[in-house]
Amino acid sequence: MKKLAIYLSIIIVLFAGLYVVNQQSDKAKNSQYATNVYGIAPDKLNPETVKQLDDPNYQNIILPAELNKKLDAKEDFFIYYFASTCSHCKRTTPVLYPLTKELNLDVKQFNLEEFKDGWGKYKIESTPTLIYYKAGKEVDRMVGGIAETGQPGYNADSYKQFFEKNKAK
């Protein structure tokens, strides 16, 4: 009888230990989710978005509620609509974001791969799309990305001209 009590005590202690370890693991995971720019668990994000979480060119993400707030407040701002799965965006962003820093501009990024209702809501037909809003209304737009050799598209100077033209407004 004493042996049975000892075995049961050991089993209870082991289960309690597993419970505590599992709770600590969940707590660590939840704090990690809160620190990514989307505030969404990585396993709920597109794998291409997960790859961009630590990329310095994809750290100025704006969430739908924040974007709507800026539009409702009739603010002036630039926004870059992209999709984490878009090959044109992957080629354009590393050129565009250093340029925004050089020009001292705060250009927010909206990931249409994660927030698919943005396509219709913000009238986006393809990515990348760069839009300038004045008083919460769209006044200028660039559709398309950095050109591949022999293909239509833009270069860094095209984006610089777009920013300078609209920054002066």
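Student: In which sense do strands E1 and E2 pair, and over how many bridges?

Tutor: The model is predicted, so that local features need pLDDT of at least 70 and side-chain atom pairs count only at pLDDT 80 or more, while totals for chains, interfaces and linings use all residues. Residues are numbered from 1 along each chain as its sequence is written, and side-chain values use heavy atoms, with hydrogens and water left out. Helices (H or I, at least four residues) and strands (E, at least two) are DSSP runs numbered from the N terminus, and two strands pair if DSSP finds at least two bridges between them. Strand E1 (residues 77-82) and strand E2 run in the parallel sense, and the pairing is made over 5 bridges.

Student: Which hand does the β-α-β crossover from E1 to E2 have?

Tutor: From E1 the chain passes through helix H4 (residues 87-102) and on to E2. A crossover is right-handed if, with the strands pointing away from the viewer, the path from the first strand over the helix to the second runs clockwise. By that test this crossover is right-handed.

Student: How many of the residues of strand E2 are buried?

Tutor: Buried means under 20% relative accessible area, exposed means over 50%, and partly exposed lies in between (1.4 Å probe, protein chains only). Both faces of E2 are covered, with Val107, Gln109 and Asn111 buried on one side and Lys108 and Phe110 buried on the other. For the strand as a whole, residues 107-111, the count of buried residues is 5 of 5.

Student: How far apart are the closest N and O atoms of the salt bridge that Asp106 forms with Lys108?

Tutor: A salt bridge is a side-chain nitrogen of Lys or Arg within 4 Å of a carboxyl oxygen of Asp or Glu. Asp106 is partly exposed, with a relative accessible area of 48%, whereas Lys108 counts as buried at 15%. The closest N and O atoms of this pair are apart by 3.7 Å.

Student: Which residues do salt bridges that share partners join into one network?

Tutor: The side chains of Lys51 and Glu48 meet in a salt bridge at 2.9 Å, N to O, and both residues lie in helix H2 (residues 47-52), 3 residues apart, about one turn of the helix. An α-helix has 3.6 residues a turn, so residues three or four places apart point the same way. Lys51 is exposed, with a relative accessible area of 60%. Salt bridges with shared partners make one network of Glu48, Lys51 and Lys90.

Student: Leaving aside its neighbours within four places in sequence, which residues is Thr49 in contact with?

Tutor: Thr49 has its place in helix H2, where it is buried with a relative accessible area of 0%. Contact means heavy atoms within 4.5 Å. With neighbours within four places in sequence left aside, the contacts of Thr49 are Tyr38, Ser84, Asn111 and Glu114.

Student: Within what arc do the buried residues of H6 fall, seen down the axis?

Tutor: The buried residues of helix H6 are Tyr159, Phe162, Phe163 and Asn166, whereas Asp157 and Gln161 are exposed on the other side. The buried residues of H6 pack against E1, H4, E2, strand E3 (129-134) and strand E4 (137-143). The arc is that of the directions from the helix axis to the C-beta atoms. The buried residues of H6 line one face of the helix, because seen down its axis they fall within an arc of 95°.
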